[in-house]
Structures are given as C-alpha cells and as structure tokens.
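Take a walk through this protein model, one contact at a time. Keep the structure open as you read.

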Amino acid sequence: MKLATTALALALVLSACSSGPTDQETSTPDASQSIDEPAFQPGAIATGEVAINDTVVEYITIVPEDFVVGSAAPVLLAFPPGGQDFQTTRSVAEGTYLTEAVARGWVVVSPAAPNGELFFNGSEALVPGLLDWIESWVTVEGGAVHMAGISNGGISTFRAATQNPDRVKSILVFPGCARSDADRAALAGLAQIPVRMFVGDSDTS
C-alpha cells in the first residue's frame, strides 16, 4: 500500500502541473436525488450536496468505472486550495485528481468549505461527519482514508488529520503544514502515518 500511495502521490503532483482540466464527462446529480444520497458517476466527475451537522456541504466525487455503492476502494479525502469555494474545488478535482484516480481505481471526495469557513477555520468540525458519510457508501480500503490538500488545503489536511488520527491512512500536501500551536502539539498522534510534503522554493508555510 505504501508503494501504491507513493505512486499516486507522484502522479497527482505531476498532473497538477498540467495546463487544465481533462475532457472527461462531468455529471451532476438528478434533481430528485436525496441530499444525503451520494452523487457519483463511474469514471467521471460528479457533484452533490450532503448535510453534515445541519450544514450543507457541496462536494465533488470521482469513482472508478466499475464502482457501485458498497464497493471497496482506497479513498482520498482531498481539501481544495484558496478559498475552498465550490468552483475551485471542482476545477482542482478535474485538473489534478480525475485522470489518475480513475486509472488507479481510487475514490476521491473533495468538499467545498460551506459559507466560506475554511477547513482549518471552523469547517474542520464537519470532517468526522464527512468520514461517516463516506463510509456509508464506500468500503474504505484499509479502514482509513488518505488525506491530501493543496496550499490552504494542505493546512486543512493537517488540521483534519491531527483531529482524527485513527481515521487517516496517509497524508499528502503540496504544500501545507501544521499551522497552529495545537496542530503542531498533536503531530505525535500522526507518528505512524506516512506523510509526504512537496514544497516549492517560494513556499513560506
């Protein structure tokens, strides 16, 4: 699994340098679909909403071409960069994760920050509920999700992981860090979790 995770990590970083989204199909949920029912389109991007703690969270999913509810797969919970708005979340999922996730048989769930509250500035409280919801329709390979994030998403990844260490299989950030004193104090809880950090010359955090 470590080799597979490393391969996916490197593939994701390489694909993040591509010029733009792929031309694969994008799907939206049927209007009659329940808000908590997972939205997914095998082999493509899908968009949906889920209510977590009375907060509606918009999200993107990517699943393998043969995926059905209950399928077993490695799962990546991917936190978006910047303001973590839905448009950014969707753009990054299409341009960074889609091709490699489908090719390698991964499920990717990328949530947008509701009401502009970033996943290290309040919305991290929704992560346990998001994980419970993911586990309701995916048999998570290894019993824990992989977490990844870009920039603010990398900070969010460390926040989510330090608060839910027993539910994390690995961490990938490009870039990202444990930003707060509380996050840094909790890093010992991640000692047994593989962490991969990609940092550029101009990155300061």
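A salt bridge is a side-chain nitrogen of Lys or Arg within 4 Å of a carboxyl oxygen of Asp or Glu. Side chains of opposite charge can pair when their charged atoms come close. This is a predicted model, in which local features need pLDDT of at least 70, side-chain atom pairs count only at pLDDT 80 or more, and totals for chains, interfaces and linings use all residues. Residues are numbered from 1 along each chain as its sequence is written, and side-chain values use heavy atoms, with hydrogens and water left out.

By the salt-bridge rule the count comes to 7. Which residues are linked in a network of salt bridges? They are Glu124, Arg159 and Asp183. Start with Arg159 and Glu124, whose closest N and O atoms are 2.9 Å apart. This pair links distant parts of the chain: Arg159 sits in helix 4 (residues 152-163), and Glu124 in the loop between strand 6 (107-111) and helix 3. They are 35 residues apart. Helices (H or I, at least four residues) and strands (E, at least two) are DSSP runs, numbered from the N terminus.

Now turn to the other partner. Arg159 also forms a salt bridge with Asp183, with the closest N and O atoms 2.7 Å apart. Asp183 belongs to helix 5 (residues 181-185), 24 residues from Arg159. Arg159 has 11% relative accessibility, so Arg159 counts as buried. Glu124 is buried at 11%, and Asp183 is buried at 3%.

Another salt bridge joins the side chains of Arg167 and Asp132 (2.8 Å, N to O). Arg167 lies in the loop between helix 4 and strand 9 (168-173) and Asp132 in helix 3, so the pair ties together parts that are 35 residues apart in sequence. Arg167 is partly exposed at 22%, and Asp132 is partly exposed at 44%.

Next come the rings. A pair of aromatic rings is described by the distance of the centres and the angle of the planes. Rings of Phe, Tyr and Trp (its six-membered ring) pair if their centres lie within 6.5 Å; planes under 30 degrees apart count as stacked, over 60 as edge-to-face and the rest as tilted. A search of the whole structure finds 6 aromatic pairs. In one, Phe40 and Phe67 have ring centres 5.1 Å apart and planes at 90°, so the pair is edge-to-face. Phe40 is partly exposed at 22%, whereas Phe67 is buried at 4%. Tyr59 and Trp133 have centres 4.7 Å apart and planes at 55°, so this pair is tilted. Tyr59 is in strand 3 and Trp133 in helix 3 (residues 127-135), 74 residues apart. Both Tyr59 and Trp133 are buried. Ring pairs link Phe40, Tyr59, Phe67, Trp133 and Trp137 into a cluster.

Finally, find Gln84. Gln84 is in the loop between strand 5 (75-79) and helix 2 (86-104). At 0% relative accessibility, Gln84 is buried.

Methods. Buried < 20%, exposed > 50% of the residue type's maximum accessible area, 1.4 Å probe, protein only.
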